[in-house]
Amino acid sequence: MTFAGSGDGQSGSARAHFVLVPMMAQGRTIPMTDMACLLAEHGAQVSFITTPVNAARLEGFAAKVEAAGLVVQLVELHFPSVEFGLPDGCENLDMIQSKNLFFNFMKACAALHEPLMAYLREQQRSPPSCIISDMAHWWTGDIARELGIPRLTFSGFCGFSSLVRYIVFHNNVLENVTDDNELITIPGFPTPLELTKAKLPGTLCVPGMEQIREKMFEEELRCDGEITNSFKELETLYIESYEQITRKKVWTIGPMCLCHRNSNRTAARGNKASMDEAQCLQWLDSRKPGSVIFVSFGSLACTTPQQLVELGLGLEASKKPFVWVIKAGAKLPEVEEWLADGFEERVKDRGLIIRGWAPQLMILQHQAVGGFVTHCGWNSTIEGICAGVPMITWPHFGEQFLNEKLLVDVLQIGMEVGVKGVTQWGSENQEVMVTRDAVETAVNTLMGEGEATEELRMRAEDCAIKARRAFDEEGSSYNNVRLLIQEMGNKTNACG
Ligand code: UDP
């Protein structure tokens, strides 16, 4: 599939050509679609690598690119699911039914090496200048070396979490720690930071993970820099420390979701929304500004049915208007039954429940939304920051606990709901981590009028202003995009 437009800037051989290779997971693909738009809007050419099933989810992106006449090519490569023991059509992490298939999935990704290389070799009229690939696609390092072009990595993390991850892995911080609840001090971190082992990155145990991790880090050490969906003014100390420790350039070019600021096409971002856009907007329009709490846990978190029920009861008890996104998952029937058994009826005058894919960015940007209960995935976190709303933090696994620390302790625009432990991706843990009372208290505090909450709100608005300044013309992220294109374009011209 190809969309090509004129772009606004350079032409012919001077145009830098970026090859974007996202991880096939919504939280990693979505920011790279924004990256593609951003680079193309600034005059670069982009090849966006995807697979047929994932391409079908990118209709919103395709429409945006086409309407804006951007020079972006969506390149579909056959994904060898069946060849690697996955069900036919299993082309995204959110389609894996068992975490035991994770390794198969990663091997199928690595098998894209040959077809990608063949495609890139065919691009003789405008050879690629640079590969920007997900950290997990370690195999793209070989391709970049073979073609003699730089490879920049994209982890989807902010600077704060990237720094923790780097320190933890490169210093083997977890090596001799046997107790998941042991508190670990992060050595060499620029501000005091302590977390339990379970809440630190690198504790996901799936078959083959160690092997993949090693490959990833080996290639990360060899890469030519990193792209981060953050902005310098948000976390200067951590980004600078990260650059120092890795001795690599970190290109902060975010918040990339701001590329949708003046667009009415946000509803289909990342997937087709499961709810009619107009209906959703009508509901939000009918609410007072700042009165609605938005609850969403991203694309991968496996919140247990028991926990969902508890969360719903807490929302009900808070008596505040809410939009609640419930992912359609294997265990939904239990929750569905409970919703139908009185809950939906009881909250119908003030609760909107979205089952499946929600137009999250559109909702967050609506003036009716005054707070966000988030699982602290970095995209959701930065989208919340751009919306200028304070957040209730409810991390499930991985780096989400680090983002919680950034929001609550450093930026002070979030408050913890009080998650007791980790709900690992793909785990069957049935424990209720947060009680309905805790939900009720957190929501009422965040949406209330206390002095502390007012301060949270003011700081959140301030962060949103800084985000826009960084992204707008002559801001730090804006300038970084231009510099990046210039630098990669110069390399191409020097080679050609
Ligand atoms: N998202 C969305 N609708 C949904 C769920 C998620 O638009 O129903 C988007 C959300 O706006 C964000 C991304 O999907 O851009 C999720 O990324 P994040 O890093 O927050 O979490 P992950 O899904 O990777 O855990």
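The following legends describe close-up views of a predicted model.

In this model, local features need pLDDT of at least 70 and side-chain atom pairs count only at pLDDT 80 or more, while totals for chains, interfaces and linings use all residues. Residues are numbered from 1 along each chain as its sequence is written.

**Figure 1. Overall view of the protein chain.** The protein chain has 18 helices and 16 strands; these are DSSP runs numbered from the N terminus, with helices being H or I of at least four residues and strands being E of at least two. Taken along the principal axes, the C-alpha atoms fill a box of roughly 65 × 55 × 45 Å. A compact globule of 496 residues would have a radius of gyration near 23 Å, and the 22 Å of the protein chain therefore agrees. The radius of gyration is taken over C-alpha atoms, and the globule rule is 2.2 Å times the number of residues to the power 0.38.

Figure 2. The protein chain is divided into domain 1 (16-256 + 471-489) and domain 2 (272-467), with bounds from an automatic or database domain assignment. Their centres, taken over C-alpha atoms, are separated by 26 Å. Domain 1 gives 32 residues to the contact and domain 2 gives 26 residues; two residues are in contact if their C-beta atoms, placed from the backbone, lie within 7 Å. On the side of domain 1 that touches domain 2, the elements giving two or more residues are α1 (26-41) and α7 (159-170). By class, this side of domain 1 has 17 nonpolar, 8 polar and 7 charged residues. Here Ala, Val, Leu, Ile, Met, Phe, Trp, Tyr, Cys and Pro count as nonpolar, Asp, Glu, Lys and Arg as charged, and the others, Gly among them, as polar.

**Figure 3. The shell around the ligand.** The ligand is surrounded by 20 residues, of which the closest are G27, G298, S299, G377 and S380; a residue is counted if its C-beta atom, placed from the backbone, lies within 6 Å. Domain 1 and domain 2 each contribute at least three residues to this shell. At least two residues come from each of α1, α13 (360-364) and α14 (378-387), and α14 supplies the largest share, 4 residues. The shell has 8 nonpolar, 10 polar and 2 charged residues.

**Figure 4. The kinked helix α12.** The 15 residues of α12 (residues 332-346) should span 21 Å at 1.5 Å a residue, and the end C-alpha atoms agree, being 20 Å apart. The expected span is 1.5 Å times one less than the number of residues. A kink of about 55° is centred on A340, the bend being the angle between axes fitted to the seven residues ending there and the seven starting there.
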